[in-house]
Amino acid sequence: MSTKDFIEKDYYKVLGVPKDATEAEIKKAYRKLAREFHPDANKGNVKAEERFKEISEANDVLGDPKKRKEYDEARALFGNGGFRPGPGAAGGTFNFDLGDLFGGAQGGAGGGFGGGLGDVFGGLFNRGGAGTTRTQPRRGQDIESEVTLSFTEAIEGATVPLRMSSQAPCKACSGTGDKNGTPRVCPTCVGTGQVARGSGGGFSLTDPCPDCKGRGLIAEQPCDVCLGSGRAKSSRTMQVRIPAGVSDGQRIRLRGKGAPGERGGPAGDLYVVVHVKEHPVFGRKGDNLTVTVPVTFAEAALGGEVRVPTLGGPAVTLKLPPGTPNGRTMRARGKGAVRKDGTRGDLLVTVEVSVPGDLSGKARDALEAYREATAGEDPRAELFEAAKGA
């Protein structure tokens, strides 16, 4: 991503959110678009792949409060030609490099940022001449992937294989871009990878060199694989450990597991979005698991002990006190999901009184006798009294 692109690209428009959007709104918009344009869902669709990269790039900036602040400030300062001292500025022309300002933002989606716009006044302006530029190491691109886990794997943790594709140094030419591995220094930018561009008002900006595309080198005989860019698509499979206790939709960041950097720059990060399948018996509320257990009328009325299944462990026995109402929730401590500190949440057991659909003669006689014994009781009396007084 060039300096010009960084200033002129409207990441809010890319994600379809207003400039005052909250972090939650940005996150929601990104997830929706990422699912729609993910390469796995659009195999062979080059436009969808480019759109996905653009969405990821926008999210990398707007999803990070610090990067978003610096992006907004840069857009306000330079996006509309602002901050021009005019021809009367002392010392003549000022030259500065926004690549220095943002600490390598040209490295693509996920490029790092510097210490803020205050750095502009800390030496990035050089009086007179063409100024100074330097080719900096580029951080590799961030990569995003998705994984689907079973309910049990999400609770207990799992190691899963992930196949990823990213841009990496071309193996055919060892990243030089030249068939013979001997590229020459670009005469236009003299190897810096950047050229000055006048913007009026006594200022000049730097852009990636149009002849060498910011590499500082030109291939005499371009590589047939990468066409002289020095970068080629690379696929690899990694074994990724998903920690215990992850939830559906969670985004895990693995530092340094993304695309390789350039010129000694660090690798990008890998972001893994987790999807969790539903369980036929258990549910989840935060760090707690949930389960509904049917009990008989006699167990609920007279009390007793009921066995309750747990996820991946032995059953536990809970004591029902006499007169347990339908829908009451009890707690089996330490039988829930794994927390970040290694402890476990609880298993929340909800009692559901089971009404038999078919009664034997003996059971029916017993219930008839019970109905006669409680004929004077009306469980709905208080309900009608309350309705009258309302």
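The model is predicted, so local features need pLDDT of at least 70 and side-chain atom pairs count only at pLDDT 80 or more, while totals for chains, interfaces and linings use all residues. Residues are numbered from 1 along each chain as its sequence is written, and side-chain values use heavy atoms, with hydrogens and water left out.

We begin with open space. A pocket is found on a 1 Å grid over the protein atoms alone, as an open set of points with protein on both sides within 12 Å along at least five of seven lines. The second largest pocket holds about 430 Å³ of space, where a volume is the space filled by probe spheres set on the points, and grid points are joined across faces, edges and corners. Its lining has 20 residues, and N59, G63, D64, R251 and Y271 lie nearest the centre; a lining residue has an atom within 4 Å of a point. Two or more lining residues come from each of α3 (23-37), α4 (46-62) and β10 (251-254). These labels are DSSP runs numbered from the N terminus, helices being H or I with at least four residues and strands being E with at least two. Helix α3 gives the most to this lining, with five residues. By type, the lining of the second largest pocket divides into four nonpolar, five polar and eleven charged residues. Here Ala, Val, Leu, Ile, Met, Phe, Trp, Tyr, Cys and Pro count as nonpolar, Asp, Glu, Lys and Arg as charged, and the others, Gly among them, as polar.

A cavity is a set of grid points where a 1.4 Å probe fits but cannot get out. The whole structure has three cavities of 30 Å³ or more. The second largest cavity has a volume of about 70 Å³, and its lining consists of Y30, R31, A34, R35, E144, E146, G249, R251 and V273. The elements that give two or more residues to this lining are α3 and β3 (143-149). The largest share, four residues, comes from α3. Three of the lining residues of this cavity are nonpolar, one is polar and five are charged.

Strand β3 also contains S145. Is S145 buried or exposed? S145 counts as buried because its relative accessibility is 8%, and buried means under 20% relative accessible area, with exposed over 50% and partly exposed in between (1.4 Å probe, protein chains only). Apart from neighbours within four places in sequence, S145 is in contact (heavy atoms within 4.5 Å) with H38, L162, L270, Y271, V272 and V273.

The last topic is aromatic rings. Rings of Phe, Tyr and Trp (its six-membered ring) pair if their centres lie within 6.5 Å; planes under 30 degrees apart count as stacked, over 60 as edge-to-face and the rest as tilted. There are three aromatic pairs by this rule. The ring centres of Y11 and Y71 are 5.0 Å apart and their planes are at 40°, so this pair is tilted. Y11 is in helix α2 (residues 11-15) and Y71 in helix α5 (residues 65-79), 60 residues apart. Both Y11 and Y71 are buried. Y12 and Y71 also form a tilted pair, with 6.3 Å centre to centre and 40° between the planes. Y11, Y12 and Y71 form one aromatic cluster.

A charge can also sit over a ring, if NZ of Lys or CZ of Arg is within 6 Å of the ring centre and within 35 degrees of the ring normal. R51 lies over the face of F37, at 5.3 Å from the ring centre. R251 lies over the face of Y271, at 4.0 Å from the ring centre.
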